[in-house]
Amino acid sequence: MLPHMAMDDTLWQDYEKQILDAGDIALLAEIEQKLFGRKSGALTLELKKLGEASSETRKSEGQALNTWKKKLDDAFVQRRQELTEKSAGSLAETDALDVTLELPKRERGHLHLIPEFIRNVEEVFGRMGFDVATGPEIETEDFNFNFLNIPDTHPARDSQDTFHIKMDAAPKNPGDRLVLRTQTSPGQIHYMQNHKPPFRVICPGKVYRKDTDATHSPMFHQFEGLMIGEDISLANMKAVMITAIRELISPTADFRFRTGFFPFVEPGLEVDMKWMGDEKESREGKWLEIVGCGMVHPNVLKTVGIDSTKYQGFAFGFGVERMIMLKHQIPDLRSFYEGDLRFLKQF
Ligand code: DAH
């Protein structure tokens with residue numbers, strides 16, 4: 001009996017070593033099959049043989065075999081766990097996310113400061129009950145000038161300022177000649193032709209003039225405003241202007257009203273705002289005109305068929321770039337159009 005047992009011991013010891021040395025789970029499964037396979041597993045067969053042995057042998061060998069079975073089972077459990085942990089560990093090393101890693105910043109686009117400002121304009125005036133309307137950038141001379149009570153002799157009609165559009169044939173009515181609008185004021189006319197008072201509206205958009213220096217560009221933005229009703233006064237206009245300037249530029253903006261002349265309003269006013277740049281800035285202490293405004297001229301109301309004995313109101317035209325320059329202390333308006341991201345990203 002003993003030699004047999006001894007031989008079996010080495011066999012099981014050898015299996016135990018194989019199990020504990022197995023390099024992967026597949027190999028482990030193979031060994032398991034060889035040992036515990038239902039038909040030809042080495043240990044299974046030994047256990048089967050016990051059935052035919054004498055009761056004494058059955059007792060002693062049975063105990064030994066069961067001890068080995070338990071030992072080998074434990075070895076499988078141990079090795080399986082080691083192999084699983086190892087593969088999880090190496091997975092962690094190769095595939096895992098390093099949550100402490102600093103990722104390159106993903107650039108997000110944002111609105112250019114002009115459309116962004118215009119959205120703000122629409123919001124601030126929206127709160128004061130103003131609608132938003134837009135008009136064409138190519139206008140007839142009638143809309144850009146005549147209907148606004150701007151006579152042929154007005155300096156704004158000087159070809160120095162206005163971009164004329166080449167036409168195949170000169171139109172019969174000189175008022176039908178096309179120009180790039182020099183102001184958003186024709187927006188007033190379009191709106192009044194299509195709406196009945198009372199109303200409040202702003203018309204933001206691009207305008208064009210032959211002009212270029214640090215505070216002028218051949219294309220820039222304005223927004224026109226118009227409020228018509230039965231008892232609209234200059235005091236209402238001042239209130240709207242003051243609210244707009246404080247909300248859009250700065251609550252501490254330093255500004256002044258002074259009389260101004262525009263053919264489509266009477267009386268007309270201009271509002272200047274003080275440049276708030278730092279001391280060294282050459283524009284420090286200077287005033288920049290930001291809006292023209294006034295009570296709508298009766299001739300304009302007449303042109304669009306509004307009874308000026310019943311209705312009156314005010315109009316205004318803000319220069320968008322000027323307002324942004326004052327808001328952010330930007331010295332040169334040309335920076336708006338150069339597309340330099342170092343400049344644009346600041347806003
Ligand atoms: N259209 C004028 C300009 O471009 C600005 C302006 C002044 C608009 C007075 C108005 C106004 O509506 O009442 O210089």
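Student: What stands opposite I228 in strand 9?
Tutor: In this predicted model, the residue of strand 9 that stands opposite I228 is G313. The two strands involved, strand 5 and strand 9 (residues 312–319), run antiparallel and are joined by 8 bridges.

Student: And is strand 5 mostly covered or mostly open?
Tutor: Strand 5 is mostly covered, with 10 of its 11 residues buried, where buried means a relative accessible area under 20%.

Student: How many bridges does strand 5 make with strand 4?
Tutor: There are 10 bridges between strand 4 and strand 5, and the two run antiparallel. Strand 1 and strand 4 (residues 199–208) run parallel and are joined by 2 bridges.

Student: OK, so what is the order of the strands in the open sheet?
Tutor: The open sheet has 7 strands in the order 1-4-5-9-8-7-6, and its pairing is mixed. At the edges are strand 1 (131–132) and strand 6 (255–260), each of which pairs on one side only.

Student: Which way do strand 6 and strand 7 pair?
Tutor: Strand 6 and strand 7 pair in the antiparallel sense, over 6 bridges, and they form a hairpin in which 4 residues lie between the two strands. Within that pairing, G260 has G268 of strand 7 as its bridge partner. G268 in turn stands opposite G294 in strand 8, and strand 7 pairs with strand 8 (residues 287–296) through 8 bridges, again in the antiparallel sense. As for burial, strand 7 (residues 265–274) is mostly covered, since 7 of its 10 residues are buried under the 20% cut-off.

Student: Changing topic: where is H216 placed?
Tutor: H216 sits in the loop between strand 4 and strand 5 (219–229).

Student: Why is H216 called partly exposed?
Tutor: H216 is called partly exposed because its relative accessible area is 28%, and that class covers values between the 20% limit for buried and the 50% limit for exposed. H216 also lies 9.0 Å from D332, C-alpha to C-alpha, although the two are 116 residues apart in sequence.

Student: Now the ligand: which residues come nearest?
Tutor: There are 15 residues around the ligand, and those that come nearest are Q183, S185, R209, Q222 and E224. For R209, a polar side-chain atom lies 2.7 Å from an oxygen atom of the ligand, while for Q188 a polar side-chain atom lies 3.2 Å from a ligand oxygen. A315 contributes through its backbone instead, with an N or O atom 3.1 Å from an oxygen atom of the ligand.

Student: How much of the ligand's accessible area does the protein cover?
Tutor: The protein covers 91% of it, taken against the 350 Å² of accessible area that the ligand has on its own.

Student: Last thing, helix 4: how far does it reach from its first C-alpha to its last?
Tutor: Helix 4 (residues 55–95) has 41 residues and reaches 58 Å, which is close to the 60 Å expected at 1.5 Å a residue.

Key
Residues numbered from 1 in each chain as written. Predicted model: local features only at pLDDT ≥ 70, side-chain atom pairs only at ≥ 80, totals over all residues. Heavy atoms only, no water. Expected span 1.5 Å × (residues − 1). Near = heavy atom within 4 Å. Polar contact = N/O pair within 3.5 Å; in protein donor to acceptor, adjacent residues only side chain to side chain. Areas by Shrake-Rupley, 256 points an atom, 1.4 Å probe, with all protein chains shown as cover. Pairing = 2+ DSSP bridges. Buried < 20%, exposed > 50% of the residue type's maximum accessible area, 1.4 Å probe, protein only.
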